[in-house]
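Colleague: I am new to reading protein models. Can we take a few features in turn?

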Amino acid sequence: MATRKNPVPPTRAELRILHALALQGTATIEQIIHHSSFPSPPNYKTTQTILRIMEEKGLARHTHGGRVFVFKAAVTREWV
């Protein structure tokens, strides 16, 4: 998926996921929800939905890592 030139500003939940991705580089949903930046793990399906929305907004992208998707931030930390 192509990244937009001017991505839509992220919501609070998207910012939390972007923060986890920035610290990890690339991560699966399982790795994101168990990241130490979350006080308690968010719901898997909710995180999956938010990541799909983030891809539509141009904030994240994924590749296939075997049977799982591996996500990466599509915007720089400075932009966020």
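Colleague: Where is the place of T28?

Modeller: T28 is in the loop between β1 (26–27) and α2. Helices (H or I, at least four residues) and strands (E, at least two) are DSSP runs, numbered from the N terminus. This is a predicted model: local features need pLDDT of at least 70, side-chain atom pairs count only at pLDDT 80 or more, and totals for chains, interfaces and linings use all residues. Residues are numbered from 1 along each chain as its sequence is written, and side-chain values use heavy atoms, with hydrogens and water left out.

Colleague: Is T28 buried or exposed?

Modeller: Buried means under 20% relative accessible area, exposed over 50%, and partly exposed in between (1.4 Å probe, protein chains only). T28 has a relative accessible area of 15%, so T28 is buried.

Colleague: Which residues is T28 in contact with, leaving aside its neighbours within four places in sequence?

Modeller: Contact means heavy atoms within 4.5 Å. T28 is in contact with V68, F69 and V70, once those neighbours within four places are left aside.

Colleague: How is a pair of aromatic rings described?

Modeller: By the distance of the centres and the angle of the planes. Rings of Phe, Tyr and Trp (its six-membered ring) pair if their centres lie within 6.5 Å; planes under 30 degrees apart count as stacked, over 60 as edge-to-face and the rest as tilted. A search of the whole structure finds one such pair. F69 and F71 form it, edge-to-face, at 6.3 Å centre to centre and 75° between the planes. F69 is partly exposed, at 27% relative accessibility. F71 is buried, at 1%.

Colleague: Which residues touch the most other members of the largest nonpolar core?

Modeller: In soluble globular proteins, nonpolar side chains tend to be buried together. A nonpolar core is a set of buried Ala, Val, Leu, Ile, Met, Phe, Trp, Tyr and Cys residues joined through side-chain atoms within 4.5 Å. Here the largest has 17 residues, and I17, L21, I32, L51, M54 and F71 touch the most other members. α1 gives the most to this core, with four residues.

Colleague: At what angle do α1 and α3 pack?

Modeller: Axes are lines fitted to C-alpha atoms, for helices over the stretch in contact, and angles run from 0 to 180 degrees between N-to-C directions. Helix α1 (residues 12–24) and helix α3 (residues 44–57) pack at about 90°, with axes 10 Å apart. They are therefore roughly perpendicular (65 to 115 degrees; under 35 is roughly parallel, over 145 roughly antiparallel, the rest oblique).
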